[in-house]
Amino acid sequence: MSRQTDGSIYRDPALNWRVLAVLNISRILVPLVLVGLYLLSGSRGIGVKTPQLFVLTSIFYLCFGLASVIFVRRRLGNATIQTILQATIDIVVLAILLHASGGVGNGLGILFLVPVGGLAFLLVPRAAFFLAAMAALAILADTIWLQLGGEVDIASYATAGLLGVLLFTVAAAASFTASRMRESEALVRQKDLDLANLAELSQYIVQHLRESLLVVDAGDRIRLINESAAEILGDTQAVPGELIGEVSPRLLYSLTTWRQRERGENSPSSFVAADGGRVIQPHFAPLGDAPGPTLIFLEDTSLMAERVQQGKLAALGRLSASIAHEIRNPVGAMSHAGQLLAESPNIGPEERRLTDIISSNSERVSTIINNVLQLSRREATKPTRLLLGDWLEDFLEEFCETMQVREAQVGVHEATEDLEVRFDPSHLHQVVWNLCDNGIKYGEARGDIKIELNVGRLNPSNRPFLEVANRGPGIEPQAVDRIFEPFFTGRKGGTGLGLFIARELCQLNRAILLYEPRDGDGSIFRVVFSDPQRWEE
């Protein structure tokens with residue numbers, strides 16, 4: 001790259017103009033110094049042979065230098081033309097000044113080194129040696145002219161020869177130095193280009209990774225964040241330079257907890273994404289020694305939970321298919337025998353209590369079998385567009401009548417607009433019925449069986465949601481991550497399948513079921529429906 005030339009000059013415009021600008025300084029200083037020396041030395045110094053020619057040439061050289069400053073500063077013409085013009089003027093002017101001062105014996109020949117060395121810095125080696133040759137020939141020609149006129153002796157040829165050798169040496173050194181410097185600059189530029197390309201490639205890879213990640217510095221400011229993580233935390237706020245606490249206070253809490261544990265195990269604390277439809281689990285990794293930046297991976301637990309639940313469902317399906325018949329018939333026989341025994345007129349209160357135990361537990365086992373079979377079959381969904389307000393009104397009428405719940409015990413806070421959702425009606429009925437039924441049953445333990453249903457849209461995702469809130473005892477923090485697992489129950493006599501099936505049905509309809517504690521004790525279960533902008537027509 002550094003060896004490309006334009007004629008005889010290197011293609012490095014910035015460097016060429018800088019060198020020409022420096023040479024212009026010498027063109028201004030040299031005539032001023034020469035004229036000053038001439039005036040001080042009188043008839044015994046430089047310019048003694050033809051004083052008038054010496055002074056006029058010095059003035060011309062000064063004017064040329066000033067004009068060159070303007071040409072170079074304004075980039076008039078191009079560097080090649082400027083170099084050829086300056087080289088020609090320099091050799092001619094310095095040769096005249098040398099002749100006007102009586103030849104090489106006065107020492108002015110040394111002035112050729114500055115323009116030859118400086119211009120050779122811009123030229124390719126062949127052109128640099130040509131410039132040195134022209135300067136040496138000009139000195140030699142002037143020496144011959146003066147020697148023929150009897151003004152100098154034969155010894156002046158030795159001085160001219162040594163000066164010529166010095167000019168070639170300076171030209172060679174300047175050309176070699178310039179060539180090496182240009183090669184180094186080209187290598188540096190190539191390295192910078194490679195680094196810029198590598199940084200751009202790294203930025204592209206980070207931004208388009210499917211994994212969500214961000215880097216937070218020791219001051220809790222975001223230094224780097226990709227598109228996936230910005231979508232989770234909120235596109236408008238999650239940008240480099242923002243405080244992570246202002247973007248996601250819950251994530252800052254998890255990060256602080258992790259740091260206090262001396263960067264040990266990751267905090268198990270999870271949080272809900274900005275769209276309200278995903279549960280995110282953060283993972284932390286230090287970058288360098290503490291205190292320093294931290295790399296944060298944001299894992300969408302719904303994807304992992306879905307894979308885990310698919311495996312559980314497959315196992316449940318195989319298990320239920322193999323044992324349903326074997327269990328249902330004996331349970332049916334025990335239940336029937338218990339009923340017959342309860343109808344006998346000869347049993348007492350103690351025996352009747354035992355028959356009630358047989359009957360209730362038989363019903364419980366039958367319920368578990370039916371739920372497992374229903375879940376394992378996973379019938380295809382039939383999503384339908386529903387006006388949530390109208391559907392909720394019909395549902396509450398049926399629920400209150402069936403469960404013998406007074407309407408005053410059910411509070412409904414509907415949105416100001418008619419929200420349309422896309423859900424299988426039978427699945428939505430089963431999900432909301434289960435959540436309301438749990439709210440009533442757990443509320444009885446606290447003497448407050450009132451439940452509240454809230455309808456609205458999440459910000460900023462604009463996804464519709466339905467909340468079922470109760471004033472029960474709530475869920476222990478250590479059990480929050482397990483409430484949607486099969487067979488996990490916090491109530492005596494429960495099957496542990498209600499919430500599990502409810503979440504499965506939501507996922508079948510591209511919705512999500514979330515839990516969060518309610519202020520002042522109680523629980524909130526939120527069904528976040530699918531994004532209306534992604535509905536399939």
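## Helix pairs, buried residues and cysteines

The axes of helix α2 (residues 51-73) and helix α3 (residues 79-100) come within 9 Å and cross at roughly 165 degrees, where the axes are lines fitted to C-alpha atoms, for helices over the stretch in contact, and angles run from 0 to 180 degrees between N-to-C directions. α2 and α3 are therefore roughly antiparallel to each other, since angles over 145 degrees count as roughly antiparallel, those under 35 as roughly parallel, those from 65 to 115 as roughly perpendicular and the rest as oblique. This is a predicted model, in which local features need pLDDT of at least 70 and side-chain atom pairs count only at pLDDT 80 or more, while totals for chains, interfaces and linings use all residues. Residues are numbered from 1 along each chain as its sequence is written, and side-chain values use heavy atoms, with hydrogens and water left out.

The crossing of α2 and α3 is left-handed; a crossing has this hand if the near helix is turned anticlockwise from the far one by less than a right angle, and is right-handed if clockwise. Among the residues that make the contact (heavy atoms within 4.5 Å) are Phe54, Phe60, Tyr61 and Ser68 of α2, together with Gln86, Ile89 and Leu97 of α3. By class, this contact of α2 with α3 has 14 nonpolar, five polar and one charged residues, where Ala, Val, Leu, Ile, Met, Phe, Trp, Tyr, Cys and Pro count as nonpolar, Asp, Glu, Lys and Arg as charged, and the others, Gly among them, as polar.

Serine 68, which lies in helix α2, counts as buried at 1% relative accessibility; buried means under 20% relative accessible area, exposed over 50%, and partly exposed in between, with a 1.4 Å probe and protein chains only. Leaving aside residues up to four places away in sequence, serine 68 touches Asn24 and Gln86. Serine 68 and isoleucine 28 are 40 residues apart in sequence, and their C-alpha atoms are 9.8 Å apart in space.

Helix α12 (residues 388-403) and helix α13 (residues 425-444) pack at an angle of about 50 degrees, with their axes 11 Å apart, and that makes α12 oblique to α13. Their crossing is right-handed, and the residues in contact include Trp391, Phe395 and Phe399 of α12 and Leu428, Trp433 and Cys436 of α13. By class, the contact of α12 with α13 has 10 nonpolar, two polar and two charged residues.

The cysteines come next. A disulfide is a covalent bond between the sulfur atoms of two cysteines. A search of the whole structure finds zero disulfides, a disulfide being a pair of cysteine sulfur atoms within 2.5 Å. Cysteine 400 is in no disulfide, and the nearest cysteine sulfur, that of cysteine 436, is 8.6 Å away. Cysteine 400 counts as buried at 11% relative accessibility, whereas cysteine 63 is partly exposed, with a relative accessible area of 45%.

Helix α14 (residues 498-508) is mostly covered, with eight of its 11 residues buried, among them Leu499, Phe500, Arg503 and Glu504. Just after α14, arginine 510 takes a positive phi of about 60 degrees.

For the protein as a whole, the secondary structure comes to 14 helices and 14 strands, which are DSSP runs numbered from the N terminus (H or I, at least four residues, for helices; E, at least two, for strands). Buried residues make up 43% of the 537 residues.
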